[in-house]
Number of protein chains: 2
Amino acid sequence: VRELDLPYEVVKVPLRQPDSPIHQVNPLGRVPALQLDDGSVITENGAILPFLADQKPEAGLLAPLGSVERSRILSWVGFLNSEVHGAFRPLNRPERFSDEESAHPGIRTKGRQQIGILLAHLEKSLEDKEWLVGGRFTIADAYLGVFLGWADRQQLLEGFTQLQNHLARYRERPAVKAAQAYEAA
Amino acid sequence: VRELDLPYEVVKVPLRQPDSPIHQVNPLGRVPALQLDDGSVITENGAILPFLADQKPEAGLLAPLGSVERSRILSWVGFLNSEVHGAFRPLNRPERFSDEESAHPGIRTKGRQQIGILLAHLEKSLEDKEWLVGGRFTIADAYLGVFLGWADRQQLLEGFTQLQNHLARYRERPAVKAAQAYEAA
């Protein structure tokens, strides 16, 4: 929404707490959840990102309906959503994968390896370009930036020059700077 | 494509084999991958399903651009893509989560539990309706049908009456019947 300069209100909510106000908006208690003026709620990045981008097509964060370019952007969003996001879970929350605590270090190690495979694919995809699709910043890059930030914090970006450069470009964007300043406050 | 009656050609490919022809279409070696007449390739269900549905809007498998209904359908597609699909992985491929074989039974057990949580959410969402969104079969139901079939094969649908009924309705659809007959052949 910051990239698109649309009006919005951010509500910070605690997660994984049964009494969190997020449950009134999303019964699964998860973010992101976008509540519209009419009260309806959209969840999942795979739905929220295109919905927002389509509010202001001229910003070029997505592409026209039916175009191959649009599918390419959504393909990256899908990949990030299904593969990359989930790949961080074994690393951050091994208890979701086994009740046996003795298994957790092995699950974390394997998790780092699996993330490495995905990062290598992304690195290769960015070899000859600044942004994932169409030579411009799109919702795919906005979403990628989040995970590159996570990977960076876990020291997983070493040796991935393209990804480091992508993250640096992403962090230079005024909308990203504003969002991060807000989060830090 | 069968639901939409669009022309297509199915290519069966072996997976997880370095010499599989899928690598010429998708460098990650994964399905689904949709190759268009101009040679361009779309991967990820989150991109392929909307692309196909938008080829024939009158079939109602999706909804108009910018509508909340469209976002609701894509929200389910995103949920199935990011949460449900990945939830089957610990059950089917615990080696992706730990190199220690002794940890695999615990990972499988936990995997069944996690799938159960997701199925309970889906069961509740279908309590008062036949299909996920808008009172009609959409790409969200087409995608859900795949995972309910998986869950059924793993005996995970016991007690989930709504899901069993959804799967039965899904299997009654001529396009699904034709696809399953083709797969079995």
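Which residue takes a positive phi just after α6(B)? Gln155(B) does, at about 55°.

This is a predicted model, in which local features need pLDDT of at least 70, side-chain atom pairs count only at pLDDT 80 or more, and totals for chains, interfaces and linings use all residues. Side-chain values use heavy atoms, with hydrogens and water left out.

**Helix α6 of chain B**

Helices here are DSSP runs of H or I with at least four residues, numbered from the N terminus. Helix α6 of chain B covers residues 139-153. The expected span of a helix is 1.5 Å times one less than its number of residues.

Buried means under 20% relative accessible area, exposed over 50%, and partly exposed in between (1.4 Å probe, protein chains only). The buried residues of α6(B) include Ile139(B), Tyr143(B), Leu144(B), Phe147(B) and Leu148(B). Gly145(B), Gly149(B) and Asp141(B) are also among them. The buried residues pack against α2 (45-55), α3 (68-87), α5 and α7 (161-172) of chain B. Contact here means heavy atoms within 4.5 Å.

**Salt bridges**

A salt bridge is a side-chain nitrogen of Lys or Arg within 4 Å of a carboxyl oxygen of Asp or Glu. The count over all chains is 20. Three of these pairs are set out below.

| Pair | N to O distance |
|---|---|
| Arg70(A) and Asp54(A) | 2.9 Å |
| Asp99(A) and Lys110(B) | 2.7 Å |
| Lys129(A) and Asp128(A) | 3.9 Å |

Take the salt bridge of Arg70(A) with Asp54(A). Arg70(A) lies in helix α3 (residues 68-87) of chain A and Asp54(A) in helix α2 (residues 45-55), so the pair ties together parts 16 residues apart in sequence. Arg70(A) is buried at 5% relative accessibility. Asp54(A) also counts as buried, at 18%.

Next comes the salt bridge between Asp99(A) and Lys110(B). Asp99(A) sits in the loop between α4 (89-92) and α5 (104-125) of chain A, and Lys110(B) in helix α5 (residues 104-125) of chain B, so this pair joins two chains. Asp99(A) is exposed at 53%, whereas Lys110(B) is buried at 12%.

In the remaining pair of the table, Lys129(A) is partly exposed, with a relative accessible area of 33%. Asp128(A) is exposed at 68%.

A network of salt bridges links Arg30(A), Arg89(A) and Glu83(B).

Conventions:
Residues numbered from 1 in each chain as written. Chains lettered and ligands numbered in written order.
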